[in-house]
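Biologist: Please put the sequence and the structure up, and then we can go through them by question and answer.

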Amino acid sequence: MDGTDADVPAGVPLDELIACPQCDALYHARLPEDGTRAVCHRCHGVLISPRRDAFLRVVAFAVTVVVLMAGAIFFPFLGVNVAGFSNRASVVDTALAFLDGGWMTGLSVFVVFFIIMIPALRAILVIYTLAPLLVGRAPLRGARKAFRWAEDMRPWSMAEIFIIGCAVALVKVADLARVEFGPAFFMFGALVIVTVLLDGSLDRWSIWKALDRTS
Amino acid sequence: MRQERCERCGSHLQSRDWGSLQRVWAWLVVGMICYVPANLFPMLRTQVLFNTSEDTIVEGAIELASHGNLGIALIILLASVAIPVGKFIAIAYLAISVARPERLRPKQRHRLYHFVEFIGRWSMIDVFVVAILSALVQLNFAASINPGPAAITFALSVIFTMLAAISFDPRMIWDNDGRGPRA
């Protein structure tokens, strides 16, 4: 819990302070050593977690997510066959499984957003925010709004839940038919891992500071 | 406060949004209402050769357990029953506890909030399972699986309770600790 002081005196410039986003406790912002994190004393929320080359890493992960998502959409995902009958489904087919022309259609829209659109859009917004900073330019127009949206979308990005859902569904199907795994299945699995790495190296405090410095 | 908007990111500023509790309750109640049909109507329609069966969430889990897939049955029960119900209780408790002095320490209540926010999304697992099964198992008359009406009400229940958790401002938990404005 280094890098911060509790009980901040009055008259300290605003940009030297940090309020815990979880519980609002106020601290002196001091950059913790590389690889360590500043944590709120009160609620243990993470305040600052700088990493060496963090922006480069974050952008690299985000680009990977976009590429893997594109692959996962177009390559075959899963297939089954039993007694001469066979069927294949792509990720998009899965999302559109509720498309019955009736009121279940709405659910397909949600699923498309949760497992395809939002995970991809988050990565694109992060690239939009950070790529110009990475090459030493001023942020693009609306970069702040883009980054805020990317952060707001976080709970609605459900790629990891989808892949666990796959595991559960496959156990059910395995009794019924033989299952074939397509390349998209492994791409989606990799995408989940890269998203976790992306979230782990994304430090809001450093990004907002960098946006303030450069624009 | 003089400023209405954050200079940095442009979002709306409000010191303590006590009206947020109303939104929490509203989303929570709608979420609970959606959870009722989600358990009464079938989640899956399975047709194997000439047999058609309809399973609700709980029936589906029991079916899995009877086939020997105990672990998977437990995951489904955990994600579709234990987590949503636990979440209703936890959010209601937090919303009540910030309005009156509470014996449980803020640290524990904050941990509870964090847990609820983290775990809530995982309830969607059953909706994705239904989506994958219905997309994959379409083998003419040999076997086919189709979603039942419970899928959408269950998904809505999860979405509404997620909105309830997001509407809750965890900073309110700390306002009664003797340091905040409402000491």
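The model is a predicted one.

Biologist: How many helices and strands does chain B have?

Modeller: Read along the sequence, chain B runs α-β-β-α-α-α-α-β-β-α-α. The tally is seven helices and four strands.

Biologist: Is chain B compact or spread out, and what is its radius of gyration?

Modeller: Its C-alpha trace spans about 70 × 35 × 25 Å along the principal axes. For 183 residues the globule rule gives 16 Å, and chain B is well over that, so it is more spread out than a compact globule. The radius of gyration is 21 Å.

Biologist: What share of the residues in chain B is buried?

Modeller: A residue is buried if 20 or more other C-beta atoms lie within 10 Å of its own. Of the 183 residues in chain B, the share that is buried is 42%.

Biologist: Within what arc do the buried residues of helix 2 of chain B fall?

Modeller: Helix 2 of chain B covers residues 57-66, and its buried residues are Ile57(B), Gly60(B), Ala61(B) and Leu64(B). An α-helix has 3.6 residues a turn, so residues three or four places apart point the same way. Seen down the axis of helix 2 of chain B, the buried residues line one face, because they fall within an arc of 100°.

Biologist: Which residue with a positive phi follows helix 2 of chain B?

Modeller: The phi in question is near 95°. The residue is Gly68(B).

Biologist: Which helix of chain B gives the most to the side that touches chain A?

Modeller: The contact takes 40 residues from chain B and 42 residues from chain A. Several elements of chain B each supply at least two residues, including helix 3 (70-99), helix 4 (106-119) and helix 6 (150-167). By class, the side of chain B that touches chain A has 28 nonpolar, eight polar and four charged residues. The most, nine residues, comes from helix 5.

Biologist: How many Å separate the centres of the two domains of chain A?

Modeller: Chain A is divided into domain 1 (14-48) and domain 2 (54-214). Taken over C-alpha atoms, the centres of these domains are separated by 30 Å.

Biologist: Is His44(A) buried, partly exposed or exposed?

Modeller: His44(A) is in the loop between strand 3 (38-39) and strand 4 (46-48) of chain A. Although not a glycine, His44(A) has a positive phi of about 65°. Because His44(A) has 15 C-beta neighbours inside 10 Å, it counts as partly exposed.

Terms used. Residues numbered from 1 in each chain as written. Chains lettered and ligands numbered in written order. Predicted model: local features only at pLDDT ≥ 70, side-chain atom pairs only at ≥ 80, totals over all residues. Buried ≥ 20, exposed ≤ 12 C-beta atoms within 10 Å, placed from the backbone. Arc of directions from axis to C-beta. Domains from an automatic or database assignment. Rg over C-alpha atoms; globule rule 2.2 N^0.38 Å. Contact = placed C-beta atoms within 7 Å. Nonpolar A, V, L, I, M, F, W, Y, C, P; charged D, E, K, R; others polar.
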